[in-house]
Number of protein chains: 2
Amino acid sequence: MILVSDNLQVTNPVVSKAMAALDPQPVCDIVRQCLERGAQAIDINSGPLGKGSSDKMAFLVETVQEMTDAPLLLDTANPLAMEAGLTVSKKPVIINGFSLEPVKMARILPLAKKHDADIIGYLLNTDSSVPLNADERLNIASRIIQAIEKEGISPDRLIIDPVLVPLTWQQGPYQAMEVLTTLKMLPELFGFPVRSIVGLSNLTSGANSLKKRMFMEGVYLPMLSAAHLTLVLMNIFHPETVAIAQACKMLKQNSIFSWESV
Amino acid sequence: MILVSDNLQVTNPVVSKAMAALDPQPVCDIVRQCLERGAQAIDINSGPLGKGSSDKMAFLVETVQEMTDAPLLLDTANPLAMEAGLTVSKKPVIINGFSLEPVKMARILPLAKKHDADIIGYLLNTDSSVPLNADERLNIASRIIQAIEKEGISPDRLIIDPVLVPLTWQQGPYQAMEVLTTLKMLPELFGFPVRSIVGLSNLTSGANSLKKRMFMEGVYLPMLSAAHLTLVLMNIFHPETVAIAQACKMLKQNSIFSWESV
């Protein structure tokens, strides 16, 4: 399980201010902290963006890739910003992401082939609504495979996001279990161990305390790990969740266990 | 997931002293605490026992069943003590347990039919050694099904224990993952959702701190829950582990989630 930080995002006022001023220092500070806390890949969430969106995404990618060789996930729904980020990136990056929504199929998906990038496929309905259960998710996954093959992209460039919703949503706990079922079924559907990603912070969105948030993240994360999740997108500044992620990795790697390393 | 306390055991000096004196009070105190902490079933581990073993097990069963209607697990390798416990119990109990070891097959297994009890089958080799992986465990499970059917016992009276070993054993983490794989495969092997039990304390046996023990129990327990474990035998005096077990139950029951109840 690879830990991807979700901390570099436009909803953080420090980030949005740095983006507006094209000031690299605050961005560097956040990325350095992410790496120190255990991030192995960095999600760059520049948001939907408006005016100057391409310049802003290019600025973020250029700033972050100066600091680290860790893989970058370009996280925007704006095709122009996505392309700007892909254009300036010096190493392979991950497009985060596309879905069956027509605009994403038409404008984001082709960028994976053009820029030789991995791409995350969200298991969302065509209208961007969340599927009701694992069956619906697997059905969408089949359509996503067809879509990328039609585009001439190798299925092994795809990373599936089964779409986790907040626990407080209607049927939130049920959906969390259906996400696990989806993860377990994906290799059978694809015929190979397709990579997967889940946005863990979504689960606890709306929690009334950080302590409770980390607690529920810590209960659900081992379930994701046992379901062979490849990448976990998470708040890397949640130390208890990071400790549990590291313990999951210890359990899953077939090596000698020592209590000294816990 | 049903929480079974493993705290009423002969290795606790308070328990062994009470057993020797046939003094119910210390036993009642422990059982009351177990119930207060969340135990839904009580494992009565009277150990291998020696002289007077039957009287001691009968004393424990009589004492505990006076206090609670919670299901009891009779946990002894001594067939005479097991039978004594079964004889005095007023409600159905769970025999814990038998394996393919010849003496267990000959002396413990028949008690399930005679006393109309559920019985735990350990996935151990004939010589009581621990199988190396999930395949070996499933092979043993098949032989256990044959054994109980031959004995005229319905397969739905069986509860499978896939046998968890300490993390510090050779290949301990690998074995923990193979236990999960076994749990996931059992329903397919049996053709129905056979019940299962795991002794969680085994995992962390030998840990150098209670804090680390509860931490690793807390990481592994959600994995067991996601693998649809039916009963978890655990130290119910580990509050962090109990809290995580309750959270697993919240995730798995398809009801409305509220942060107030975390």
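Author: In this predicted model, 31 residues of chain A are in contact with 31 residues of chain B. On the side of chain A that touches chain B, the elements that give two or more residues are helix H8 (172-190), helix H9 (210-226) and helix H10 (239-252) of chain A. Of the elements on that side, H9(A) gives the most, with 8 residues. By class, the chain A side divides into 23 nonpolar, 6 polar and 2 charged residues.

Elsewhere in chain A, 8 strands close into a barrel. Their order is E1-E2-E3-E4-E5-E6-E7-E8, and the pairing is parallel. On average, and with direction ignored, neighbouring strands of this sheet are turned by 25° against each other. One pair can be followed in detail: strand E3 (residues 72-75) of chain A and strand E4 (residues 94-98) of chain A run parallel and are joined by 3 bridges. Asp75(A) has Asn96(A) as its bridge partner in E4(A).

The axes of helix H1 (residues 13-21) of chain A and helix H2 (residues 24-37) of chain A come within 8 Å and cross at roughly 140°. This crossing of H1(A) and H2(A) is left-handed. H1(A) contributes Val14(A), Val15(A) and Ala18(A) to the contact, and H2(A) contributes Pro26(A), Val27(A) and Ile30(A). By class, this contact has 6 nonpolar residues, with no polar and no charged ones, while the side of chain A that touches chain B includes 6 polar and 2 charged residues beside its 23 nonpolar ones.

Definitions and conventions:
Residues numbered from 1 in each chain as written. Chains lettered and ligands numbered in written order. Predicted model: local features only at pLDDT ≥ 70, side-chain atom pairs only at ≥ 80, totals over all residues. Axes fitted to C-alpha atoms, helices over the stretch in contact; angles between N-to-C directions. Helix = DSSP H or I, 4+ residues; strand = E, 2+ residues; numbered from the N terminus. Left-handed = near helix turned anticlockwise from the far one by under 90°. Contact = placed C-beta atoms within 7 Å. Nonpolar A, V, L, I, M, F, W, Y, C, P; charged D, E, K, R; others polar. Pairing = 2+ DSSP bridges.
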